[in-house]
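Please keep the sequence and the model in view while reading.

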Amino acid sequence: MMSVRCGRCSTEFPVKGAGRYPCPACGAVNEVRPAATPEPTLAVPPPAPEPMAPSPKATCPECSLTFIVGEIEMVLCPNCGAEVVVGRKP
Ligand SMILES: [Zn+2]
Ligand SMILES: [Zn+2]
């Protein structure tokens, strides 16, 4: 999808391709050339962000808080202080 900006009133309107199109706002005919696109459409989409490895999480059996833990077997819940078994053995 490409668009052209009217040379008289600067209204931007969509066009299907090269050709001559009257401005919908003021009626001025704007010529669209195939090689000279006023605003080139993005040919290359931005790279997708790298999927991050899921962080290990533990859920507290006392308060149901889910929090990120490290590579340890047991951790204290940061909310209520209960011991939470992570279950990740090296
Ligand atoms: Zn116009
Ligand atoms: Zn807790």
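What percentage of the contacts in the chain with a separation of 6 or more is accounted for by residues 24 or more positions apart? The share is 13%, where two residues are in contact if their C-beta atoms, placed from the backbone, lie within 7 Å.

## Basis of the report

This is a predicted model, in which local features need pLDDT of at least 70 and side-chain atom pairs count only at pLDDT 80 or more, while totals for chains, interfaces and linings use all residues. Residues are numbered from 1 along each chain as its sequence is written, and chains are lettered from A and ligands numbered from 1 in the order in which they are written.

## Overall make-up

The chain has 0 helices and 8 strands, and its elements, read from the N terminus, follow the order β-β-β-β-β-β-β-β. Both kinds of element are DSSP runs numbered from the N terminus, helices being H or I with at least four residues and strands being E with at least two.

Of the 90 residues of the chain, 3% count as buried. A residue is buried if 20 or more other C-beta atoms lie within 10 Å of its own, exposed if 12 or fewer, and partly exposed in between, with C-beta atoms placed from the backbone.

Strand β1 (residues 2-5) and strand β2 (residues 12-15) run antiparallel and are joined by 4 bridges; two strands pair if DSSP finds at least two bridges between them. Within this pairing, M2 stands opposite V15 of β2, and S3 has P14 of β2 as its bridge partner.

The hairpin of β1 and β2 has 6 residues between the strands, and S10 lies in that loop. The phi of S10 is positive, about 65°, although S10 is not a glycine. As a general point, most residues other than glycine have a negative phi. S10 counts as exposed because it has 10 C-beta neighbours inside 10 Å.

## The hairpin of β3 and β4

Strand β3 (residues 19-22) is joined to strand β4 (residues 29-32) by 4 bridges, and the two run antiparallel. In this pair Y21 has N30 of β4 as its bridge partner. The hairpin formed by β3 and β4 has 6 residues between the strands, and G27 in its turn takes a positive phi of about 85°.

C23 is also found in the loop between β3 and β4, and C23 counts as partly exposed because it has 19 C-beta neighbours inside 10 Å. Leaving aside neighbours within four places in sequence, C23 is in contact with C6, R8, C9, T11, F13, A28 and N30. The C-alpha atoms of C23 and R5, which are 18 residues apart along the chain, are separated by 8.7 Å.

## The loop between β5 and β6

Two residues described here, S64 and L65, sit in the loop between β5 and β6. The phi of S64 is positive, near 65°, in a residue other than glycine, and S64 counts as exposed because it has 10 C-beta neighbours inside 10 Å.

L65, by contrast, is partly exposed, because 15 other C-beta atoms lie within 10 Å. When residues up to four places away in sequence are not counted, L65 touches C60, C77 and N79. Between L65 and N79, which are 14 residues apart in sequence, the distance from C-alpha to C-alpha is 7.2 Å.

## The loops on either side of β7

I72 lies in the loop between β6 (66-68) and β7 (74-76), and I72 counts as exposed because it has 12 C-beta neighbours inside 10 Å.

N79 lies in the loop between β7 and β8 (83-85). N79 is exposed, because 12 other C-beta atoms lie within 10 Å. Apart from neighbours within four places in sequence, N79 is in contact with C60, C63 and L65. The C-alpha atoms of N79 and S64, 15 residues apart along the chain, are separated by 9.6 Å.
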